[in-house]
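I opened this entry to log what I looked up, element by element. The notes follow the order in which I checked things.

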Amino acid sequence: MTERTTGIDASATGAFEDMLRIVEELDTPDGYKAELIRGKIIVSPWSKLRYKKVMKSLRLQLQPHAPEGHDVDVAPFLFTFPGSERGFGPDLHVADEAAFDEAGRHADGAALSLAAELTSDSTKDADWLDKLDTYGRVVPVYLVLDMQVQEVTAFWDPSPKGYRSRHTVPFGESLQVPPPFDFELDTAGFSVRVTDGNAEGARGA
């Protein structure tokens, strides 16, 4: 498997539940995850090793401000959105712990209070387009850490047409994470060297 995503056209199977079943039965290689994006099963790599410190910092800062009964984790769980026929495994999620009491291998996307994605060349389009559109109808807060341009954007106030509000800051500046978290996120340690394709981050080099 390479750095690039691999798509499996599942349209022939028809129902969303059929596609979920295929995802559950896939024997994905270690370090890869399967998601349902735009009617296809997409197999892509988990976040890069050099993103681990960023994800850890984000997790530790979010944890004290998470809604009661919600857990902050980076485990690659699949969250489903039946209305959009999507299933995503966010790089980091904050979700109601009760969602994990259910049987099966995927959780209800409505349990999410926050989803965060760290972009790479192979996932950036999905993070900024399909995931933004789907999260924007259900999830209270969505954070996109654009590792190529070294910026973080917070989206909030979901609606049937997507998020109504957004705010972007460059890495190194603090970002106000909206309610139900409502705190200043320190992004000083988020800059990493990026070598995807021809892109390379200047900050933190």
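I started with helix H2 (52-62), which lies across S4, S7, S9 and S10. H2 runs at about 30 degrees to S7. I am working from a predicted model.

I traced the strand order next. It reads S4-S7-S9-S10-S11-S12, an open sheet of six strands with mixed pairing. S4 (70-73) and S12 are the edge strands, and each pairs on one side only. On average, neighbouring strands are turned by 15 degrees against each other, direction ignored.

I then went through individual pairs. S4 and S7 run antiparallel and are joined by four bridges. At that pair I noted Asp-73, whose bridge partner in S7 is His-93. S9 and S10 are parallel, with five bridges. There Leu-114 has Val-141 of S10 as its bridge partner. S10 and S11 are antiparallel, with six bridges. I found Leu-145 opposite Val-152 of S11.

**Strand S10**

How many residues of S10 are buried? I counted six of its six. Val-141, Leu-143 and Leu-145 point one way from the strand. Tyr-142, Val-144 and Asp-146 point the other way, and these are buried too.

I listed the neighbours of Leu-143, leaving out residues up to four places away in sequence. Leu-143 touches Leu-58, Leu-114, Ala-115, Ala-116, Glu-117, Thr-153, Ala-154 and Leu-175.

**Cores**

Which residues touch the most other members of the largest nonpolar core? I got Leu-58, Leu-62, Leu-114, Leu-143, Leu-145 and Phe-181, out of 27 residues in that core. The elements that give two or more residues to it are H2, S7 (92-96), S9 (112-118), S10 (141-146), S11 (151-156), S13 (175-177) and S14 (183-185). H2 gives the largest share, four residues. I also found a second, separate core of 19 residues. Ala-99, Ala-111, Ala-126 and Tyr-135 are among its members.

**Helix H1**

I moved on to H1, residues 16-25. Phe-16, Met-19, Leu-20 and Val-23 are buried there. Why do they fall on the same side of H1? They do so because they cover an arc of only 100 degrees around the axis. I then checked what these buried residues pack against. The partners are strands S2 (32-37), S3 (40-45), S5 (78-81), S6 (86-88) and S8 (106-108).

**Pro-170**

Is Pro-170 buried or partly exposed? Its relative accessibility is 24%, so I logged it as partly exposed. The cut-off for buried is under 20%. I also took the C-alpha separation from Pro-170 to Thr-187, and got 8.3 Å. These two residues are 17 residues apart along the chain.

**Totals**

The protein has four helices and 14 strands. Of its 205 residues, 47% are buried. The accessible surface is about 10,000 Å², and carbon and sulfur atoms account for 49% of it. I took contacts between residues at least 6 apart in sequence, and 54% of these join residues at least 24 apart.

Methods:
Residues numbered from 1 in each chain as written. Predicted model: local features only at pLDDT ≥ 70, side-chain atom pairs only at ≥ 80, totals over all residues. Heavy atoms only, no water. Buried < 20%, exposed > 50% of the residue type's maximum accessible area, 1.4 Å probe, protein only. Contact = heavy atoms within 4.5 Å. Areas by Shrake-Rupley, 256 points an atom, 1.4 Å probe, with all protein chains shown as cover. Arc of directions from axis to C-beta. Core = buried A, V, L, I, M, F, W, Y, C linked by side-chain atoms within 4.5 Å. Pairing = 2+ DSSP bridges. Axes fitted to C-alpha atoms, helices over the stretch in contact; angles between N-to-C directions.
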